[in-house]
Amino acid sequence: MIARVAAGKDPLTPWWRAAVLLRLVTFCFALGACVYYDPAYARPIWGWVAIGALGTWNLLTAYWYLRESSRFLWVVVVDLVVGCLITLSSRLVYTPAQLHGAAPIPLLTTIWVSGVLATGAIRTGPVGGVVFGVVLAVVNFGTHGYVDLDLLRDAVQLVGIGLVIGFATATARRSAGQLAHALRAEAATAERERLARTIHDSVLQVLARVRRRGAELGGEAAELARLAGEQEVALRSLVASAPPESTPEGEVDLRAYVQILATATVAVSAPGTRVMLPDAVAAELAAVVRAALDNADRHAGAEAKVWVLLEDLGEEVVVSVRDDGKGIAAGRLAEAAREGRLGVTQSIRGRVARLGGTAELTTAPGQGTEWELRVPRRRGRARTR
């Protein structure tokens, strides 16, 4: 099943094969009934013509239904029309007494129409299955020319079976789509994490070393350190900007956004299980974390370490960004806001507020800085619709 889904095959192929087998078995029953009741037919020649047409049509539909490229809607509609016409042809073969008697003999198609019902429900789903069942039941009434309890029972069975098969195949198709989506997401996440590890183990570490060493040397090296630091942040943001594939419900694993932010100076801790959020919420929250890391990189000091902790508390998701740097003096943020520098207010607090969450800052000179970002799940979803 996984192999078929991964290769883009029709997940209902086993259902089509079973339907073709059902049509073959029921045709054999119809052929046996024709042989048994042939002496009683009013026009036996027409009976054998109808059975021959039924067998030929059975072969054609088997060819179409066993090939994925030819399971068209018009084929199952024509199949229904042919089945109804051959059923109605019973009026040309039987006498009125045989159709209306106390123990009427079976129609030419007998139970073969169940195969028509099955293929129609597989192709069109529960609604189409009910429509096919209703049409076949009406044709059955019209062929006999009356309605009684036995025919009503057959009608209920036709409609019920069409509904059940339609629901079952629709569920199978939806489940196969979800499985294919999960496989693609798993492959994309694995590839993204591999690339992130490769970049982290090579380019990012070199840039971080150049930045730290250049800052220590000063002079022209300090300018190179600044440029290296800018490129380090830009590369990290570029790697993080590729969003993980979302689920059919539009949610992504926040860990995929956060874990790739780890560097030589940034340690990331996340739960072992997925932290699912709406795609837009996860992307925005990850951008806030990057903004907090950028502030730490600029202001905490060259030797500062940063820790990012992701927690899933059920009703809300909490991300803590803490460094052991210089800290922020009392009143400095208010002073920066008066000077028109609104990076903290707009990049962190404002963006978290738009998600319906809160951003709390704990800092003091010489004691580092810690951001605690809380985003409730329900409010976050409501804001992104």
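**Figure 1. Overview of the predicted model and its confidence.** This is a predicted model, in which local features need a pLDDT of at least 70 and side-chain atom pairs count only at pLDDT 80 or more, while totals for chains, interfaces and linings use all residues. Residues are numbered from 1 along each chain as its sequence is written, and side-chain values use heavy atoms, with hydrogens and water left out. The secondary structure comes to 14 helices and seven strands, where helices (H or I, at least four residues) and strands (E, at least two) are DSSP runs numbered from the N terminus. The protein averages a pLDDT of 83, and 86% of the residues score at least 70; pLDDT is the predictor's confidence in each residue, from 0 to 100. Among contacts between residues at least 6 apart in sequence, 67% join residues at least 24 apart, a contact being heavy atoms within 4.5 Å.

Figure 2. Over residues 1-7 the pLDDT stays under 50, and the model has 11 contacts beyond four places in sequence for them. Over residues 379-385 the pLDDT likewise stays under 50, and here the model has 13 contacts beyond four places in sequence.

**Figure 3. Helix α3 and the elements that its buried residues pack against.** Helix α3 (residues 44-65) has 22 residues and reaches 31 Å from its first C-alpha to its last, close to the 32 Å expected at 1.5 Å a residue; the expected span is 1.5 Å times one less than the number of residues. Its buried residues include Gly47, Ala50, Ile51, Leu54 and Trp57. The buried residues of α3 pack against α2 (13-37), α4, α5 (90-93) and α7 (113-144).

Figure 4. The structure holds six aromatic pairs, counted where rings of Phe, Tyr and Trp (its six-membered ring) have centres within 6.5 Å, with planes under 30 degrees apart called stacked, over 60 edge-to-face and the rest tilted. Trp57 and Trp64 form an edge-to-face pair, 5.7 Å centre to centre with 70° between the planes. The rings of Trp64 and Trp74 are also edge-to-face, because their centres are 5.9 Å apart and their planes stand at 65°. This second pair links distant parts of the chain, Trp64 in helix α3 and Trp74 in helix α4, 10 residues apart. Trp57 is buried, with a relative accessible area of 10%, whereas Trp74 counts as partly exposed at 47% relative accessibility. Ring pairs link Trp57, Trp64, Phe72 and Trp74 into a cluster.

**Figure 5. Thr110 in the loop between two helices.** Thr110 lies in the loop between α6 (96-100) and α7, and its phi is near 45°, a positive value in a residue other than glycine. Thr110 is buried, with a relative accessible area of 16%. Leaving aside neighbours within four places in sequence, Thr110 is in contact with Thr26, Phe29, Ala30 and Ala33.

**Figure 6. Helix α11 and the glycine that follows.** The end C-alpha atoms of helix α11 (residues 279-299) are 30 Å apart, which agrees with the 30 Å that its 21 residues should span at 1.5 Å a residue. The buried residues of α11 include Val281, Ala282, Leu285, Leu293 and Asp294. Just after α11, Gly301 takes a positive phi of about 115°.

Figure 7. Leu224 counts as exposed, at 55% relative accessibility. Leu224 and Arg211 are 13 residues apart in sequence and 7.3 Å apart in space, C-alpha to C-alpha. In a separate close-up, Arg322 lies over the face of Trp307, at 4.6 Å from the ring centre; a charge sits over a ring if NZ of Lys or CZ of Arg is within 6 Å of the ring centre and within 35 degrees of the ring normal.

Terms used. Buried < 20%, exposed > 50% of the residue type's maximum accessible area, 1.4 Å probe, protein only.
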